[in-house]
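Work through the exercises below with the sequence and the model at hand. Each task is followed by its solution in steps.

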Amino acid sequence: MATWTESQLASIDKMLNPRSVAVVGATPRMQYGGRFLNAMLKSGDRVNVYPVNPRYDEIMGVRSYPSVSDLPEAPDLVGIVVPYHQVLNVLEESHAKGAKSAIVISAGFSERDVDDRRDLQDELGAFARESGLRICGPNCLGVANVQDDIWPSASSRGSDGLSGPIGLVCQSGASAFGPFLTRAVEEGIGLSHIISTGNEADLDFCDFARYLLDQDSVKVIAGFVEGFKDGRKLIDVAKLAAERGKPIVIIKIGRSDLGSRAARSHTAALTGVDALYDEVFAQYGITRVQDYDELLEVSQLLAHTRKPVQSGVAVVSHSGGISSLTADMCGQAGLDLPPLTDEARDGINDVLKGFGWAANPSDVTGFANSESFPEIMRHMSEQPRIGTLVVASAGADAQAEQVIAQRDASERGLAFLWTGTRSSTSGLSRLKEAQIPVFYVPDKLALGLKTLLGYHRWRDGRLKDGFAQIPEVSDSQAKAVADLKSLGRPTFSEHESKQLISAWGVPIAREATAGDAEGAVAAAASLGFPVAIKADSPDILHKTEAGVIRLGLGDEEQVRSAYTQVMSNASQAAPGGTINGALVQEMVSGGVEVIVGVSYDQQLGPVLLFGTGGVTVEVYNDVALRLCPITRPGALEMIDQVKGSALLRGFRGSAPADVDALADVLVQISRMAAQLEGTLAELDINPLMVLPEGQGVRAVDALAVFEG
């Protein structure tokens, strides 16, 4: 569990709400140092601004000081715009002066991908954490407290007084103060803060997001991220955001190295990084979008639209084609457009008088720009199954005022699809001023509505069920782990691996070990024919490829012959390796094969995988991923996500499988993965046979690997 100290959050507060700022490297030229100084001087008498540059006595009409040490007071914030090799000296001097925070605009650190530059950046981070002088950057453009019009940044842009409830945190400064700010101003989408984090030598995206969660003025956190320094912090921020009802919307780019390591198990081969982030975001209520417009428009909708009272959407337009296309996009997004009630249809037809079409979606022709439009909107929205009204039009100020009045008078949400030019000063400007969520293309509107419904549905579930907790390891579980550790090797045979998972309550197929052919015959007779024979070796990880497994053996002679073949092949597959003998196992039939696995992501921790099982799992890659541990409702959601789960529900007359028992196993293995982090490296149960309803599950094969 990540923790944020009061001093850490206080440093961020000083960056965004400084009362005194030193600009080290200030210059009269409108370069980075000049732009930073110019931006701060616009704060007027609210902030004491001190240019620091020994080459000047005065810059932009303000006295300049030779060094931070010469300042008349300890600054709340130091903006640093000097060559990279001077940054640490400036930080040390600023700390000695008593400065509270620093923004390092200077570049030339880890982004140069040179060892000594990365080392220097690490020194900056270590100094910040040890000294308590916390750093934003390096290689950033600074921050902006938009709502209070304080811009400690090297950006030449401003917001023209526009502010709102969306806190924007970007690793890219050029994106934060470039396309995001430009689009926000153009589209009338208000931002509370803009924060560029740069290389994140010290403070990162999660630290600033955590700060913003404490700000009453912030309703949504929007982010542009290449990668996370610590995925655990992201999860903790997401949990707190869910508790406080503040959605997080993110553009996530970049890839990590999870998929690059050699796969010793199916699970490791199947756990792709980008897919994992998709699943993690969904698991913890973070919305992932693809571009600048989506980030801002979806954030605007979430910030300014109340929780839908129902899931249904009603669409009304002046155009049949526009309303149909909008409805089609909503349908593709999985949204529900319920048919009108008789009362609503009759009421709209009374207005249309034979024109247009009263339905959902509705084509009301020119009546969208008439005094009767409020009555039409009321009929469309005030229906039992409707939670959100979509108006698709491009009317003048009169229509905009009608739409605003409808939004203000109804408990239903409202979104606008603008079908005219974005440069319009009539109608559109009024909608923006009133913070009506505006979209410009139907597919992004549909995405926004899907996100709105999905977020509140997800949050309701989390508030009801909570997040999964990690229980204490029992004595029997601890003994199972100790027994494997005593073997002195990291990789375990199938039989050894099954002893581990059985300690966590996973049922395993009946089996016995045998050291010779006659022992195998005796074991088979005890278990009952037919049986399977496998070589039990920690050094043979994929039995089918090695030819060390025989199935469906129906009598003693077949068992003897199979034993000889299997052991011979094992010796060839693992010369000099450990072979514990043969494993004689009951044949488990009548079930559905699935895979359950565990791997560990360097940033995010233990990952649970579930999917269709058997030898074809890597062909179809039909899997679902979750961070561990998971709740039982989460396990059922995971099962339903996999396309092959249709086989579990009963397919073409087959009996339903024991989904409840499968969900129990997923929960138990997810707890095991969390409990054994640092000990367990990988786990593969493939196949896990899910028997008919009421008959449980059986682990037929397993592979466990501990950290070496």
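**Exercise 1: a salt bridge across the chain**

Glutamate 187 and arginine 422 form a salt bridge in this predicted model, and their closest N and O atoms are 3.2 Å apart.

Solution. 

**Exercise 2: a pair of sequence neighbours**

Task: state what the N to O distance is in the salt bridge of arginine 407 and aspartate 408, then classify arginine 407 as buried or exposed.

Solution. 
1. The side chains of arginine 407 and aspartate 408 meet at 2.6 Å, N to O.
2. Arginine 407 is at 15% relative accessibility, so arginine 407 is buried.
3. Aspartate 408 has a relative accessible area of 53% and is therefore exposed, the cut-off for exposed being over 50%.

**Exercise 3: a network**

Task: start from the salt bridge of lysine 498 with glutamate 511 and list which residues salt bridges join into one network.

Solution. 
1. The N to O distance between the side chains of lysine 498 and glutamate 511 is 2.6 Å.
2. Because lysine 498 lies in helix H18 (residues 494-502) and glutamate 511 in strand S19 (residues 511-514), the pair ties together parts 13 residues apart in sequence.
3. Lysine 498 and glutamate 511 are both buried.
4. Through shared partners, salt bridges join Glu494, Lys498, Glu511, Lys534, Lys543 and Asp701 into one network.
5. For the chain, the count comes to 37 salt bridges.

**Exercise 4: a negative patch**

Task: name which residues form the negative surface patch and which helix gives the largest share.

Solution. 
1. The patch is formed by Glu92, Asp116, Asp119, Asp122 and Glu123.
2. Helix H4 (residues 115-131) supplies the largest share, 4 residues.
3. Aspartate 122 is found in helix H4.
4. With a relative accessible area of 49%, aspartate 122 is partly exposed.

Technical notes: Residues numbered from 1 in each chain as written. Predicted model: local features only at pLDDT ≥ 70, side-chain atom pairs only at ≥ 80, totals over all residues. Heavy atoms only, no water. Patch = residues over 30% accessible without salt bridge, like charges linked within 9 Å, V, L, I, M, F, W, Y side chains within 5 Å. Areas by Shrake-Rupley, 256 points an atom, 1.4 Å probe, with all protein chains shown as cover. Salt bridge = Lys/Arg side-chain N within 4 Å of Asp/Glu carboxyl O. Lys, Arg positive; Asp, Glu negative; His and termini not counted. Charge placed at Lys NZ, Arg CZ, Asp CG, Glu CD. Helix = DSSP H or I, 4+ residues; strand = E, 2+ residues; numbered from the N terminus. Buried < 20%, exposed > 50% of the residue type's maximum accessible area, 1.4 Å probe, protein only.
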